[in-house]
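Thanks for coming, everyone. Please put the model up on the screen, and I will walk you through it.

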Amino acid sequence: MLQISSRGASGIPEASVTAMRRRMNRLHIGLLVSASTGVMIWGGAAHAQTTPSTGSASTQVQEVVVTAERRTVNLQKAPVAATVLSGADLVKKGVVGVDQLQFVSPDLTVTDFGQGNLFNIRGIGRSNGDSNVQSGVVTYRDGVATFPGYFQSEPYYDIANVEILRGPQGTFAGQNATGGAIFITEANPSLSAGYHGYLQAQYGNYNDIGVQGAVNIPISDTLALRVAENTEYRDSFYTVTGNHIGDPGKLAENSARVSLLWQPTSHFTLTLKADSNDVSNGGYPADPVNSTENLFHITNNAYNEARDVSGRVVLNMSYTFDNGLVLRSISGYQKGTSTAALDVDGTDLAGESGRDRGDEDIYSQEFNLLSPDIGPLSWILGAYYQYDLTTIPAGDFYTVAPLGGGYAERVTLNGNNPETSKAVFGQVSYKITPALQIQVGLRYTDFTQQNDVAAGVYEDTPFPAPFNVVPLLIESQHQTEQDSKLTGKIGLNWTLDRDNFLFAFIATGHKGGGINTPNIDGATPTVFKPEDVTDYELGWKSTQFDGHLRTQLDGFYNQYTNFQVNIQDPAFTNIAELYNVTSATKIYGVEGTAQAVFGALSFDAGAAYLHSELGNFTATDPNTLHTVNLTGRPTSYAPEFTANIGGQYIFHLANDVTLTPRVDYSYTDTQWGTVFEDVQLGDHLPARNIVNAQVNLEHDGWLLTAYSTNLNNQEYVAAVNNGLRYAGPPRQYGIRLRKSF
């Protein structure tokens, strides 16, 4: 989103300024310019077939691999804090989209405010939804960095695995990241697995109807095709009263994917994937943060719309030379259009409404050169380029507030926000001894951002009849910001024995600066500086009880320079912009995950403690207009404790039938929506306890599942944004039938 902020300007009627200020402070329509305990990785390797199976019990925890570092590495020997979920794990845990990841991984929060979300790992990620703000957490699909913060409603279907990496990333792939990265690998076609696939249908409360399926088709010895589809329709969770138009919260989702694998020789592999997604939510239901009504009973008197249409094409090519050297190319093109119309004040009283549309196009290209994975020395070299253009067409972004007597105030925005990122990176690993390895990585990044936009304030009048628009103020912004940075990593890995692995490293990360969005005050938008982090990390991974139990323990200490926070300008108290905390901001904690299999019983668990404190910093509270000393306060959306645990037991019945009940529980501690900690204005998000459960009955390729998410039906606020609160999903339940062939 590009948020317009305001303060008094001569020549504009004070009533207009007041109404405009109130509305724009509320409007965040999301666009667009500018011994350890976690997650179960039971059920197969990270690239296992995505068809879930609960009917076979392993006597040990199965090996899980991490591929995010462009090599296939056993998770227990990888020097990174990570959670890896196979496609089967996603199904078992009820993970159907990005929002549910926060319930299966420690130190991860997703703040969903409708049109966009704030994705944070260890309290780092994105502080607001403006497109001119880089994210500290980067999400990849098949190696390509996806839309930052928007178009995240894309469903998880026919997925091979999801890898959640915590801590700074960037010396081995893609973009730079200060908080972490998510690597999503969609199921690939197979030449050797023959003709196979699955069909799935589900029905649940809220008239939730879903159909999903995939099929793998070997065309020849060198060519294979995979086609996947997902469709879901669901009624709204909300009871909406008032003179509104539309169905806020009503889901209509259609997605499809076509993948092609070509392997003409043992040296060369080409994979081409094309995704299409059309997700409509009917509108983004919300009400004022201080409302005393039930979260799912809201009022609305606006036209409502919410639709994301996006597509992505990814081309992966790799060539392996006779000496084992691998040259890899990852090319991507993505295009999306996000449209929203909503009730800005969240009531049926004031009549304030808004609409926006944003178009985004991303081109990216990455090259990797990897050494053979033999001998004491291994290395990877890479180069990365990305061009990201966000455009708001004229006439498609505006808010309107009635002033009485047929008059209304209209605020508009149009323009574009191009960004270019270029980088080279590399990492070298050397085994000093068979048990001791040193790793050194470097990355150089160059980032350029432009804002070419215009914001306008108009008065709609009834004269001359029937309608007239009178311009009051038009502000233009034409600015460019550029920065570059060298970051790196040095680490030691020590294999104590076959069951115990220790690692320690120091890494630096970088998140680019940018230009704050235009305002309607005549003040030149300020530039915010890049954010830098130094991460000190220690980890221990262990396999115990003859492979029945695996644990991962990690401790970290992060120190941030020029930490970016979204606050009001102390000098211009009605201008919402990003600013830097120039003194050190500290975030540190400990994370533990474990997976266990003891015959028919298996479980997984995770827990994290996180402490965050801002450096020396004062700012003006936008609500009280008082200057507040924020030194030592926690960062926003950084809960102190997070935990999750899940378990299942396989009952073997007659005729090879299995019955598998499973329960998952997650806890997210209290957190703050802003650094000002205004409880009365919705900044405080209470702790939440979420229980998911399901029972699987499986026989001969058939899988019947009775499921429930948020079984305890806890009502909780998932996000607050500009005076509005957004509810997390209520209890959902239903049945799902799946046939694998």
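The chain averages a pLDDT of 85, and 87% of the residues score at least 70. pLDDT is the predictor's confidence in each residue, from 0 to 100. Residues 1-51 are the stretch to watch: there the pLDDT is below 50. Beyond near neighbours in sequence, that stretch still has 242 contacts in the model; a contact means heavy atoms within 4.5 Å. Where pLDDT is low, the predicted coordinates should not be read in detail.

Some ground rules. This is a predicted model, in which local features need pLDDT of at least 70 and side-chain atom pairs count only at pLDDT 80 or more, while totals for chains, interfaces and linings use all residues. Residues are numbered from 1 along each chain as its sequence is written, and side-chain values use heavy atoms, with hydrogens and water left out.

Charges next. How many salt bridges does the structure hold? There are 28, each one a side-chain nitrogen of Lys or Arg within 4 Å of a carboxyl oxygen of Asp or Glu.

Take Arg141 and Glu154. Their side chains meet in a salt bridge at 3.5 Å, N to O. The pair links distant parts of the chain, 13 residues apart: Arg141 is in strand β6 (residues 137-141), and Glu154 is in the loop between β7 (144-145) and β8 (159-166). Strands here are DSSP runs (E, at least two residues), as helices are (H or I, at least four), numbered from the N terminus. Buried or exposed? Arg141 and Glu154 are both buried. Buried means under 20% relative accessible area, exposed over 50%, and partly exposed in between, with a 1.4 Å probe and protein chains only.

Now Arg312 and Asp275. They form a salt bridge at 3.7 Å, N to O. This pair also links distant parts of the chain: Arg312 sits in strand β18 (residues 305-320) and Asp275 in strand β15 (residues 268-280), 37 residues apart. Arg312 is buried, and Asp275 is too.

These two pairs belong to something wider. Arg141, Glu154, Glu186, Arg257, Asp275 and Arg312 are linked in a network of salt bridges.

On to the rings. The structure holds 15 aromatic pairs. Rings of Phe, Tyr and Trp (its six-membered ring) pair if their centres lie within 6.5 Å; planes under 30 degrees apart count as stacked, over 60 as edge-to-face and the rest as tilted. Why is the pair of Tyr140 and Phe183 stacked? Because the ring planes of Tyr140 and Phe183 are at 5°, with the centres 4.5 Å apart. Tyr140 is in strand β6 and Phe183 in strand β9 (residues 180-186), 43 residues apart. Tyr140 is buried, at 2% relative accessible area. Phe183 counts as buried at 6%.

Tyr238 and Phe296 pair as well, but tilted: 5.2 Å centre to centre, with 50° between the planes. Tyr238 lies in the loop between β12 (223-234) and β13 (239-241), and Phe296 in the loop between β16 (287-288) and β17 (297-299). Both Tyr238 and Phe296 are buried. Elsewhere, Phe501, Phe503 and Phe505 form one aromatic cluster.

Charges meet rings, too. The charged end of Arg736 sits over the ring of Tyr707, 4.5 Å from its centre. Arg738 lies over the face of Tyr198, at 3.7 Å from the ring centre. The test is NZ of Lys or CZ of Arg within 6 Å of the ring centre and within 35 degrees of the ring normal.

A quick stop at Ser259, in strand β14 (residues 251-262). Ser259 is buried, with a relative accessible area of 1%. Leaving out residues up to four places away in sequence, Ser259 touches several residues, among them Ala187, Pro189 and Leu272.

Last stop, a set of strands. Strand β39 (residues 658-668) pairs with strand β42 (residues 688-699) in the antiparallel sense, over 11 bridges. Strands pair if DSSP finds at least two bridges between them. Thr668 has Arg688 in β42 as its bridge partner. β42 also pairs with strand β43 (residues 702-709), antiparallel, over seven bridges. There, Val695 has Ala706 as its partner in β43. The hairpin of β42 and β43 has two residues between the strands, and Asp700 takes a positive phi near 50°.

One more salt bridge: Asp664 and Arg662 meet at 2.9 Å, N to O. Asp664 is buried at 10% relative accessible area, and Arg662 is buried at 2%.
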